[in-house]
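My notes follow, in the order I checked things.

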Number of protein chains: 4
Amino acid sequence: MILPKANSLSPKQLREVTSIVGEFDCQIQPIAGALRTIYAIVGDERDDLMINRLEGLDYIDRIDRIQSPFKLMDRRSDLARGRLKIGEMTLGEQLLVIAGPCTIDPKNPNYFYETAAAVKEAGAQAIRGGVWKPRTNPYSYQGDNRSLDILMEGARRTGLPVDTEVMDEAQLALALDAGVTILQVGARNALNYSLLRAIGRAIAQRPEVSVLLKRSMHMGPLNEFISAAEYIAAFGNPNIMLCPRGTTPTLDGYRNHPDESATPLLKEKTWAAVVVDPSHSVGKAAYVPAASLAAVAYGADGLCIESHIEPQKGIGDDPKQAITPETLKTLISQARALWELKRPEAAETQHAA
Amino acid sequence: MILPKANSLSPKQLREVTSIVGEFDCQIQPIAGALRTIYAIVGDERDDLMINRLEGLDYIDRIDRIQSPFKLMDRRSDLARGRLKIGEMTLGEQLLVIAGPCTIDPKNPNYFYETAAAVKEAGAQAIRGGVWKPRTNPYSYQGDNRSLDILMEGARRTGLPVDTEVMDEAQLALALDAGVTILQVGARNALNYSLLRAIGRAIAQRPEVSVLLKRSMHMGPLNEFISAAEYIAAFGNPNIMLCPRGTTPTLDGYRNHPDESATPLLKEKTWAAVVVDPSHSVGKAAYVPAASLAAVAYGADGLCIESHIEPQKGIGDDPKQAITPETLKTLISQARALWELKRPEAAETQHAA
Amino acid sequence: MILPKANSLSPKQLREVTSIVGEFDCQIQPIAGALRTIYAIVGDERDDLMINRLEGLDYIDRIDRIQSPFKLMDRRSDLARGRLKIGEMTLGEQLLVIAGPCTIDPKNPNYFYETAAAVKEAGAQAIRGGVWKPRTNPYSYQGDNRSLDILMEGARRTGLPVDTEVMDEAQLALALDAGVTILQVGARNALNYSLLRAIGRAIAQRPEVSVLLKRSMHMGPLNEFISAAEYIAAFGNPNIMLCPRGTTPTLDGYRNHPDESATPLLKEKTWAAVVVDPSHSVGKAAYVPAASLAAVAYGADGLCIESHIEPQKGIGDDPKQAITPETLKTLISQARALWELKRPEAAETQHAA
Amino acid sequence: MILPKANSLSPKQLREVTSIVGEFDCQIQPIAGALRTIYAIVGDERDDLMINRLEGLDYIDRIDRIQSPFKLMDRRSDLARGRLKIGEMTLGEQLLVIAGPCTIDPKNPNYFYETAAAVKEAGAQAIRGGVWKPRTNPYSYQGDNRSLDILMEGARRTGLPVDTEVMDEAQLALALDAGVTILQVGARNALNYSLLRAIGRAIAQRPEVSVLLKRSMHMGPLNEFISAAEYIAAFGNPNIMLCPRGTTPTLDGYRNHPDESATPLLKEKTWAAVVVDPSHSVGKAAYVPAASLAAVAYGADGLCIESHIEPQKGIGDDPKQAITPETLKTLISQARALWELKRPEAAETQHAA
C-alpha cells in the first residue's frame, strides 16, 4: 500500500510508480478516499528491492506492507501439519522442559552428571549444557572441547536428548558428530545468516536433529525472528523451536527485558513451537519460577531453564541465575498444572485459527 | 560513591569534593583499591543538589547512589505494617479484582449498571468506570460530568467501591464529593506533581479513600514510580496501590510493552500493593487472560481489568480491549487458583524480607 | 485500511465491518490482490472509536491508518502561513536562542540578573528561568513564588521576553498576570490535557504569548506530540514551539536519549517551529555544544539552553548541565554559522513541500 | 562495590563474601556510612565469575562495578599512542569519508566503477561496496563472489582502499586474498565472537589491513561495543574503527535510532577512531546530510556513506538511502568546514584527557 505525501500522485508520479512495480510483475490500483487517494500494490509485494525503490521516491510518505515475508514458517504453510518430537515427548501434548547448567565445567564433570540426573528426576525431558560460550569479555572462559564428551556422557547416563550452543561451523560439525540432537543458536548469532544456513544445510537430512533458535536481543518477534528460522527451514528440516529469552533491557531492572509475552504473537503467525528461556530473561534465580509460570500463562510450549545442583559452584551464569533441581521440581509441577488449566483454550485457539 | 575519571583524585580535587559534600553534612572516605581509588560519601547522600554539583565536576566519571530516595514508601518504613482494605476485602488476603468498562456512556447508563452487576457476579470486589478520559486526539470524546452520577448509582446498586480517573483539581473535588473511594491517577499524569500533591492533601483525613497510581509509560519502576507515590503519602494517607499498565512499546506488537514483571521489583523496595492493569498492557481482549495470569505469576496483589457486557457497544477502548463478564469469570477463577498455588511462597518472602 | 487475518473477509464479516464504518459515515472498498484481499475505509477514518471497534473484531489482523489525526497543526493547514515572533525576532529568519538558568534562586537574585545580562550579551534573544520546578524527589526544592518577581525584573533589565514552566492553573494565572510571554510546558506535563486546555483557553486572546511545549520522555514525535500541540491551538492561538529534549534513555549513557534528529520528522508534518533543548537531552555541560550543533544540523529553528554565570552555584540542574555565558557565546557563533550554511537547503525544502 | 539488601552484612554473610572474593585474590573493605554499610572489593574485580557468584547471593542488592572490562582498547592503554592510516590519510588529521554503493551489482559493473570515480572526485578517501549481503529475508539477493573482482577493479582504477563486509571465515579468506584492506563487520555479526577472533587472527601480521566494526543494534556503546573490538585487538592489530550506525528504533520514525551522539561517550573510554554510518542510521537519502553533519558536531573522525550515481538503479538499500555523488560533494564540503570549526576544541580535549 503506497501512501503519497500529497493527497494523491500526479499523473507523472503514477507512471513512475507503475513502471517500478511492473518490473516486479505487480500492478497499481488507486483507492480514492474522501480526503486522499492511496495506491494498492497488486501482486507479490515481498521483494525488498521493489519496496526499497518505492521508498526512495521523494513524493512517497510511506509504504505499508501487507504480506508477511516468510513462507515456510507461516502458520498457514504445509509445514504446520507436522509435530515436533524431542526424545520421547511430542510438543503440544505436554509442556517441554529442557534444564541443566549454563556451562559444563570440564574440570569437574560430576557436577554435570549429577545435575543431569537430578533435573531428569525433577521432570525435565531434555538436558542443556554449554560446551562453548559466547562471552562479552574476551578474557573470560570461552569453553572447552572436552566438555562435549562430558555432555554426551550425560546424555548416555540419562537417556535424554541434549542441547548445546554452537557458534560456528567447526563447532557445528563437532556437535553433530558427537550426537547432539538439539542445536542451540544463541541470541548473539540469531542474525548470523552464514551460521543459520550452515545449520540448515547440515541437518537437512537429519530428522532426529532440531534447533532451539534464541531471539536476538533486539529482534521484533515477527519479521526478523521468524525470518531467521526460515533460513534454516529453507533446507528442508522443520524441527525448529523459537526461544524468547529477553530483549535489550530498557526500564526494568532485569538482566534483560522479559518477553514471554511475545509467545502469542509468534503463535499467531507461525506453527513453530515456542520454548521460553526464563533464566536469561530475568537473570536471577529468585525470579525464574515467576517468569516460568508467566511463560506458560502466555501459552509457551516449553521452557529452557538453567539449573545446577550447587549453583555457586557453576562456572558460567549459574551462580547468579541457575535454580536448584529442588526448586525446578516445584516449578515444573506448578507449570504443568497451569498448562493443563489452559489446555482447553489452547486447543480451541488451534482449531479456530 | 564517587568514581573519578583518573585513577584517583588529586589533593586539590579531593579538597573541592570534600568541601561540596561538607555543605550537605557529609564526609568523604577514600577506598584505595589495587588499580584505582574511589570515594565513599558518608552521610545522607539523598540531596539531589549535592549529586548535581558533584556530577558537574569535569574530573568525575560517575556517581553511584547508594541510598533510595524515598522514605515513607520504603519497604522498611513504619507504614509497611498497615494493610489496605478495599471495600470488604483486605489486600494480601486474597486477589483483588477491579473490573468495569473503560468509559461510562452517559447516554446509555444501563450498559454500566448491567456491567457492574455482571462483574460483581463474576467475582470482582470493586467497579471501575471512566467519567473523564484523557485522549490523544483533542477531538475525541473527553468525558461528561453526568457520568459521575451514573458511576455512583452503580456503586449503590452493587454495594461495591468504585474507581475512576481524575485529571485535575476540579475533577478531584467532584469525585470526592460524590463519594468515589478509589481515585485513579492515569499514566499521563503519573508525573503531574501538582495533581499528586492535591490528591495527597485532599485525602489526608479520608482513610476510606485510596489511590490507584498508574505507572507512566516511561517510568523506571523504582525511583520515579515509588517517588510519585511518596508525593501522595507525604500528606499522611498511605492507601496507595501501584499499577503497572505497560510501558512505551518497543519491539513487541502490543498496545504497550507488558510490564507485569515489574511486580517483584516493586515489592522488594516498597510495601505498597501492586495491582496490575492487563487491559492497557496488551490492548486487545484476546490477550487479557494470559496477561492477567502472568501478573499473578509474578506476585501481583490485584488486577484492574476492563470489562463490558457488550464490548462493541462501548465508547472508549472497550470495543478493542474489554473482555466480557463471562470471560472475566473464567479468568478470575484461574487467577485465584494460581494465586492460592503461589501463596505459601509469598508468605515466606514476606517473612524473609 | 483493514487487513483481515484470513486471505479475505467472509460475506458475514464484510457485512459487519461495513455496518460499523457506516455508523461513522464511511464505506468499505475491497482491493483484491494476487494473494490476499484488503479493505480500504473510504471516508474520514479519524474517529478513534471506529478504529477501536474494528480492532476489536477477532478476524481482523490490523488496521493501518492513512490519515493524520491532527488538523490545525498539520503542515498543510491554513495556520502554516503565519510566522511566530519572539520579542524582536521572527522564527525562521534567524536561529532563536533562549538561555538562562534551570532554576532561579530566590535567595540570591543577582545570579539571575547577571546571568540574564550575560546570555543577552552572548546573543540570546530570550531568557529562561525556572520559578516552579517538577522534581522526582518530593523532598527536593520545588520552587518559590518570589522567584516570579525576580524573573520579571530580569525581563525588565534586559528588555527580553522570558520563558518559565507552569505546572498547574494557579501557576499559569500567576505567570500570565506577571507578564510572562513564553509559557513552558514540561516533559512530565506534555500529556496533561487539562493543563494544555487551560493554557489554550487562557492565551486564546493573547497573541503576545507563546508556548514552548516540551516533548514527553516517551512520545512518538508525530501523533502524540503534535496532537498535544493541537489541544492548545484548538482555542485559537497558534504560537507554539515544539521542543525535543531527549526521550527515555535506553542504551547510551546520557541523561536522556538525545532526539534532535526528530526535528525533520516534525517539520515534514507540521508548520510549528522546532526549538531543541540540548541541555536536558545530554544532561552534562560538556556535551551541550555538540548537541546544539547537531540540532542545527537537523534543521532546528531554535535552541533552549541552560546557562549560568557560575554553574556550581546554581540550585537546580545547573551545577551539572548549565554552560557558562562564555561557552554559550562560542556555541551561538558556531551554531549561527552552521545555520547560515544550511539556510539555502531549508528554503528549498520549504518551497518544495 | 557490594550493596547488601539490609543495612549491613551479618558476620556470617561477610565471611561468605570474603571467602568468595578471596578465591579471586581480592579483599573486602567495609565502608560504614551514616545509614548503611557497603563493601568495597579491593583487587582486580574484572572476573565475571566472581561477580556472578556475588550476584547469586540472596542477601545482595546489587554490585556496582568500578573497573572497565577492556584492557587494550582502554583510552589509557599503550595502544592510544598510534595513529591509524587509511590509504594516504591519517585519522585525526582530517575527516575520513568512505563512500560507495550498498551492494555491487555483478551484472552491471559499470555502476560501481562510475560511482567509485565520482565519490573519489567528491572527496572520499576510500570506497565501500558490498560483495556479500546479510538480508533479513532469506529469499532476497545475498551477494555474489564475482562482485569481489569488480570491487578490486574499482580499487585499481581509483587507487583508493576498499571496504567490504565479511560474514564468515570463507568470505574473510577470499577478501584478504583479493587485497581488501578495510574489512567491515556488520551490525548483525558484531557479537559473533568466532568471526571477530578469526579476523583478529587473520590480520595479526597484516598492518595494512583495518577493520570497520559496526555497532550491533542493541549494544551499549561502552562495555559491549568496545569489548567486541578487544576481541580483534587481542591478536595484535589495533587498526580498528568503531562505527555507530543506529540502534533498534524505538520512538522516532527512522530506519534505526540515530546514534551519532554515542561518539563522545566512546571517545572518553577508548582511543579508537569513531566513523559514523549516517546512511543506516536514518535510512533515507533525504536525511543523510543532516545526520552526517550531526556526527561531525559530536566529534566523529569519519563518515561511511552510501552513495550511487543512480540510486534507483541500485540493487540493495541504494534506491532508498544512497545519496548521489553530487549531494555527497556538498555534504563533504560542509562536513569538513564544520570539522575544522571544531578542531581546536578536539585538540584541547585530546590534551586534557
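**Barrel.** I began with chain A, where eight strands close into a barrel in the order S7-S8-S9-S10-S11-S12-S13-S14, with parallel pairing. On average, neighbouring strands of this sheet are turned by 25° against each other, direction ignored. For my own record, axes are lines fitted to C-alpha atoms, for helices over the stretch in contact, and angles run from 0 to 180 degrees between N-to-C directions. Strands (E, at least two residues) and helices (H or I, at least four) are DSSP runs numbered from the N terminus, and two strands pair if DSSP finds at least two bridges between them.

**Ground rules.** I am reading a predicted model, in which local features need pLDDT of at least 70 and side-chain atom pairs count only at pLDDT 80 or more, while totals for chains, interfaces and linings use all residues. Residues are numbered from 1 along each chain as its sequence is written, chains are lettered from A and ligands numbered from 1 in the order in which they are written, and side-chain values use heavy atoms, with hydrogens and water left out.

**One strand pair.** I picked S11 (residues 210–214) and S12 (residues 240–243) of chain A, which pair in the parallel sense over four bridges. Lys214(A) stands opposite Cys243(A) in S12(A).

**Chains A and D.** Here I found 49 residues from chain A in contact with 49 from chain D (heavy atoms within 4.5 Å). About 4,100 Å² is buried between them, 47% of it from carbon and sulfur atoms; buried area is the accessible area (1.4 Å probe) that two parts lose on being put together, summed over both. Tyr139(A), His218(A) and Gln312(A) supply 14% of the area that chain A buries against chain D, more than any other three residues. I counted four salt bridges (a side-chain nitrogen of Lys or Arg within 4 Å of a carboxyl oxygen of Asp or Glu). In one of them, Glu55(A) meets Lys320(D) at 3.5 Å, N to O.

**Chains B and D.** Next I turned to chain B, which has 29 residues in contact with 29 of chain D. The buried area is about 2,100 Å², with 55% from carbon and sulfur atoms. On the chain B side, Ile31(B), Leu35(B) and Ile66(B) lose the most area to chain D, together 22% of what that side buries. There are two salt bridges between these chains, and I noted Lys269(D) with Asp61(B) at 3.3 Å, N to O. Strands S2 (27–32), S3 (37–42) and S4 (60–63) of chain B each supply at least two residues of the side that touches chain D, and S2(B) gives the largest share, four residues.
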